[in-house]
There are 4 protein chains.
Amino acid sequence: MDFTIPEKMQAILEMIREFMKKEVYPIEPYFLYNKFKEMWPQINARREMVKKMELWAPQMPKEHGGMGLSLVEHALVSEELGRSPLGHLMFNCQAPDAGNMEILAKYSTPEQREKYLVPLVAGKIRSCFSMSEPENAGSNPIELSTTAVKDGKEWVINGHKWYSTAADGSQFAVVMAITNPEASPYQRASMIIVPTDTPGFNLIRNISMMGHAGDDYSSHGEIMYENCRVPLTNLLGPEGNGFVIAQDRLGPGRIHHCMRWMGVCNRSFEMMCRRASERKIGKKYLADKQIIQAWIAESRADIHAARLMILHAAWKIETEGLYAAREEISLIKFFVAPIMQKVIDRAIQVHGGLGVSDDTVLSYFARAERPARIYDGADEVHKSVVAKRIMRDYPSPQ
Amino acid sequence: MDFTIPEKMQAILEMIREFMKKEVYPIEPYFLYNKFKEMWPQINARREMVKKMELWAPQMPKEHGGMGLSLVEHALVSEELGRSPLGHLMFNCQAPDAGNMEILAKYSTPEQREKYLVPLVAGKIRSCFSMSEPENAGSNPIELSTTAVKDGKEWVINGHKWYSTAADGSQFAVVMAITNPEASPYQRASMIIVPTDTPGFNLIRNISMMGHAGDDYSSHGEIMYENCRVPLTNLLGPEGNGFVIAQDRLGPGRIHHCMRWMGVCNRSFEMMCRRASERKIGKKYLADKQIIQAWIAESRADIHAARLMILHAAWKIETEGLYAAREEISLIKFFVAPIMQKVIDRAIQVHGGLGVSDDTVLSYFARAERPARIYDGADEVHKSVVAKRIMRDYPSPQ
Amino acid sequence: MDFTIPEKMQAILEMIREFMKKEVYPIEPYFLYNKFKEMWPQINARREMVKKMELWAPQMPKEHGGMGLSLVEHALVSEELGRSPLGHLMFNCQAPDAGNMEILAKYSTPEQREKYLVPLVAGKIRSCFSMSEPENAGSNPIELSTTAVKDGKEWVINGHKWYSTAADGSQFAVVMAITNPEASPYQRASMIIVPTDTPGFNLIRNISMMGHAGDDYSSHGEIMYENCRVPLTNLLGPEGNGFVIAQDRLGPGRIHHCMRWMGVCNRSFEMMCRRASERKIGKKYLADKQIIQAWIAESRADIHAARLMILHAAWKIETEGLYAAREEISLIKFFVAPIMQKVIDRAIQVHGGLGVSDDTVLSYFARAERPARIYDGADEVHKSVVAKRIMRDYPSPQ
Amino acid sequence: MDFTIPEKMQAILEMIREFMKKEVYPIEPYFLYNKFKEMWPQINARREMVKKMELWAPQMPKEHGGMGLSLVEHALVSEELGRSPLGHLMFNCQAPDAGNMEILAKYSTPEQREKYLVPLVAGKIRSCFSMSEPENAGSNPIELSTTAVKDGKEWVINGHKWYSTAADGSQFAVVMAITNPEASPYQRASMIIVPTDTPGFNLIRNISMMGHAGDDYSSHGEIMYENCRVPLTNLLGPEGNGFVIAQDRLGPGRIHHCMRWMGVCNRSFEMMCRRASERKIGKKYLADKQIIQAWIAESRADIHAARLMILHAAWKIETEGLYAAREEISLIKFFVAPIMQKVIDRAIQVHGGLGVSDDTVLSYFARAERPARIYDGADEVHKSVVAKRIMRDYPSPQ
């Protein structure tokens, strides 16, 4: 058993930390108070720096133009980037593009690769992932109403999707739709690439979420697909393989997400400590109060525990594969999200009136990360799934 | 011991419930998506209805133009109104005006009464309460930096206030300022009425809170008082009486707040139940799931317990006075706020993606009510205060 | 709404408090370290005092030799008595006898009354209630395996019961058994009186619970009924009425239990406060520590909330009847038991090594009251039951 | 980063698991119901088997007659042994002997080694550790009242100790006493070896803890040292080194303890799962209930997180030393103990009436492990200690 982080990785992480401090945190206030669309000049300038530092697209294999980090290595990177809502975007490993890059790298045809993957990795275009539907429980990717029917050389897509993150401003969507309604449940759906300028791709609105509709990259789209036609060649991977691809996307995505949450936790934790050291109540600082001390200690323990669990899950995926690691992948989902929520909430409480204001990033974290306990399957669903898997070792009498 | 609600009150509550359903809930979506200032025509139309129903200003004595309800009675009204962010406003018993009406009714001179209280009760003007300061802990009303110095026939006020709720659009502020710095701590401050068009009253901004700066009534002002001069006659109550008036305002205010929170809880609870009955996961409804059932049962128990505690505190204030009831007033603060937060959070979780959207009022509740654990003294402070009072019966050895 | 406790009751409660301090607490250490059987001389001496004080059997109507207190009044008495494991026994209102007295008073024939109820109320004999079975979930009183079959003029009882509290030393048991297996589920069982010296009534053991088998009144019996024959006239109430009688016993019993738990809470809370005032850590007392203060304040709030809920439920039973109050009766079950467990646990923690020792009553409370979350239906079951009842107002679509 | 357990260790762990199932679990019921003293023939027979399997004293270096496992390796062993209250004893790595062996191995003179360490490692004698005092907070090893004064060639020891685990039947105690009252706080105490047959060593009682005084190895002694005289040569390590030795003992001891707790968790968890698979409520098994599923999943996650944290702390002690790992050592104390308590409690709840009986080991776990949150410093103290260390990086303004 060895918990060492290799020196090479430590050096990379240190570079990233410096970059975050100098280049990313300072533009956060702008992000908190303005249209996202107006930030692109600032973002692009920093993206160029990242490219020069050779830290671009850390999660992608080198042959695709990335750093080629392992899952565990990128997990550590994701932790640093997660400290700011803008971190991942600067390095081109932001959701949902990172996940789309992964499945394109694995499943795309040479033409798809050229047309979608190459510019995506280069940071020239953006994309979205169109799976969740308002009428169906998001926790179950086999419950879908959206259909794609073959008509000549085209798929004709109809359906209602929402929470297609960052759809606004995206050049294409990867859409999950029922293509084989007669097949067994897990083989009914396929993934199809849909350029967003296709007629019938209707971005109805950016869903106002926790008070903000947002715009551009910082948004969640509601989309009506109405007789939306794309060539049959836009199918990504084999027909009927939608569920498999979704799972492929989900496992490593869970690691990225959870380590991003660690970044949120670390940032919030440090802000809480700093505020506790500066705020006086009577003659004492908040840091002298035992309840605040307990919050600090418990948060440290919780974050530490969560971090080890995520890294262990990443290591297991790497060494034994996604299937062997499915319990660990479920565990971190419902273990880590509530910890993040608690740490953010405590940091806000320690900041008092300042904490609920938008003068710090904490209130943004509280709002933007609340869905963590919902998306990719509500925590409650994952608990039942894990338990059922465990209980296979304890069969009930017939 | 008797928990009966008299029939007269039951009839009033039933009228209010009907009014809320017919007139208030339907305009909530407008409130969630638009400038507040644009809502006044809708609000004023409904305020006229309320006046005609003779339910106007329920908390105010009849001689001031209100319904003259007792504290317990108004608590029950507040519970019904709290079900919507717009409820209290329709009946002219909204914070911070209601509290200002109370202290004006108790302390104002005949001229002040005529100029400020009469139009306030009539709903012709609005007001704000300017106590919290960014540099001082809000939990301790004796820690203030704002000063009011006599200069001839005027007070000259200087200081920095924030979270002066609804300052935007108010005609006057009640400002708490140090007037007697040499006095004992609890006799240093006074309350002074400051018309908001006074030079030196500078509303710097509406603080962006949990993602929204808001506007007009729905806002929290940051105010710089810079050599702001008002006549000496604008003093409210005796000089040095600021702390006493603040406490006078706080006790019944706590009851109003907490019962408003009950309204938030009841509304969220009902939405949770309804959603649980309608949302299918596989072949079952959410309501069939044991975890959801536990949330429903636990929420019901928590709300029921909180409600009894608040009504008991109100009853004790009425029968034994504020001083005798100060433990109960502290208890409900830290007992009820976390229950509200938990109930809202569970309702959101049951709604899934819909819950974090602004298509329901739940996300608004989650954001707007988060400060409940902070304002009027953080919960942690109240716990220490209560404990120290209890421990007077258990003196440590010398 | 009126939370006043009448002066007459206040005087009674004060008498009881004095008695508990002078006569009951001092013999607790003996109870904690010795056989129960050896305590009867001490108990009986005190029982005589209680009779002289005219506080005997407070829950029983005067015509049966009790004080004739109302449910709410006895609830307040039960709170005082619950402060010691020996309290109720001194006043002859201890479980399971008190419940048996109630159902005997309601359902017994004149002969049964003479033979069982009269000496029971007089405190000359003891009894047990034999319902729970090891093979069936105790939460559901209609799932029973024990049978009573008519054979000539006798019932022949066969079955396996456990947790028949205080069976050891009892003169009779009230046994719930299936008498009408073909009837609808709720009409299958009957209650039958079985003298414990009947052949076939086999007290196998006192179940060792949380480390102690105990003896005599302080025990939980496991009983095998093997061809146990009693006269048909030993049937209590109508045939097939077992479930109804069990429910009759349960409602007020829940109030008694919960208020007894309040007594446990109050005692533990006071011990926690006292210890916090006396124990020094470095230069400070535990009471000066903010976490301890939070425990004190939160415990006070929790106990206060629980108490109001129980009293409200008792009031509702009295004014509207058991059926109308069934939600409230369920709510207090799962709301109060965890509060008791938490308060005891915190008191132990504040006492440190002393708290886990048997030098105080706290460790006894922790062990003896752990089953509170299990008996009379596990808390989890009650939550589902309450939720299902609530959800009748929110029917799912067909 | 590598979480692999080497094959050699896996083989050892498998051997231990088999041994536990075949030889240890079957004699647990005897342990739960009888005097410990009567168990020695059964224990010694099994100890011989362990010696033959060459798994004896796994934590001790080979030169002392042990297996020479590393800290991480022994942690894994301790996890397996912890599954039964009898596990460690069979392998001669039970507290408090294991800790005494460690400090004797590090600090003893050749004579001490021969007289105390050799027979201790051989399993021929037992020992106890006499540090905690009833009048002083156990969390602070520098607050001691017991003194040892030099008188000629002897130490004269006076003081009052308690919770000297397993003192009953021990051949010697290691006593921590103030020898240098004028020195700086951390250099005032020394460790002294006291044979238990020394006049003035008075074992007053086995403290009745959570209902049981116990006996022999399974007990916690209260000891009065009254002019207890031992030769000066019984000093263990340098004079004034008591605190240092206590810390030396504590670090690895924490790992052993925490991994033992993991064993308790694993066992309880498995019992919970098995019971859930077998117990029917109506037509469903407990395992089909969503709340039980949530308990299973959450318990798995908690245990997994705790385990990784402990192993990481052990790894850090091994690679960077005790001083560098002191935060991690504190973290696991307060993180793991409540998890253990929660897992045991849930397992009991799932077992219902059976869970609170002594027919399973669960009730024993609940009682015997409750002190985990108290001994070696209450969790609350550790939280403050951790927080203060963290806050050194966030200095308050002067």
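A crossing of two helices is termed left-handed if the near helix is turned anticlockwise from the far one by less than a right angle, and right-handed if it is turned clockwise. The structure is a predicted model, in which local features require pLDDT of at least 70 and side-chain atom pairs count only at pLDDT 80 or more, whereas totals for chains, interfaces and linings use all residues. Residues are numbered from 1 along each chain as its sequence is written, and chains are lettered from A and ligands numbered from 1 in the order in which they are written.

In chain C, helix H6 (residues 97-107) and helix H7 (residues 110-122) pack at an angle of about 145° with their axes 10 Å apart, where helices (H or I, at least four residues) and strands (E, at least two) are DSSP runs numbered from the N terminus, and where axes are lines fitted to C-alpha atoms, for helices over the stretch in contact, with angles running from 0 to 180 degrees between N-to-C directions. The crossing of H6(C) and H7(C) is left-handed. To this contact (C-beta atoms, placed from the backbone, within 7 Å) H6(C) contributes C:Asp97, C:Asn100, C:Met101, C:Leu104 and C:Ala105, while H7(C) contributes C:Gln112, C:Arg113, C:Tyr116, C:Leu117, C:Leu120 and C:Val121. By class, 7 nonpolar, 2 polar and 2 charged residues make up the contact of H6(C) with H7(C), with Ala, Val, Leu, Ile, Met, Phe, Trp, Tyr, Cys and Pro counted as nonpolar, Asp, Glu, Lys and Arg as charged, and the others, Gly among them, as polar.

Between chains C and B, 42 residues of chain C are in contact with 42 residues of chain B. On the side of chain C that touches chain B, at least two residues each are supplied by helix H8 (242-278), helix H9 (290-320), helix H10 (326-351) and helix H13 (379-390) of chain C, and the largest share, 15 residues, comes from H9(C).

The contact of chain A with chain C takes 4 residues from chain A and 4 residues from chain C, and the side of chain A that touches chain C has 2 nonpolar, 1 polar and 1 charged residues. Chain A is superposed on chain C (RMSD 0.0 Å) by a rotation of 180° with 0.0 Å of shift along its axis, which is the relation of a two-fold axis; the superposition is by least squares on the C-alpha atoms of residues with pLDDT of at least 70 in both copies. Because 100% of the interface residues of chain A are also interface residues in chain C, the copies meet through the same surface.

In chain D, helix H4 (residues 71-81) is largely enclosed by the rest of the structure, because 10 of its 11 residues are buried; a residue is buried if 20 or more other C-beta atoms lie within 10 Å of its own, exposed if 12 or fewer, and partly exposed in between, with C-beta atoms placed from the backbone. The buried residues of H4(D) include D:Val72, D:Leu76 and D:Leu81, and what covers the buried residues of H4(D) includes helix H1 (7-24), helix H5 (87-90), helix H8 (242-278) and helix H9 (290-320) of chain D.

As to backbone geometry, a cis peptide bond joins A:Ala95 and A:Pro96, with omega of about -5°, and A:Pro96 lies in the loop between helix H5 (87-90) and helix H6 (97-107) of chain A. D:Asn227, which is not a glycine, has a positive phi of about 45° and is placed in strand E8 (residues 218-231) of chain D; D:Asn227 is exposed, with 11 other C-beta atoms within 10 Å.

Conventions: Contact = placed C-beta atoms within 7 Å.
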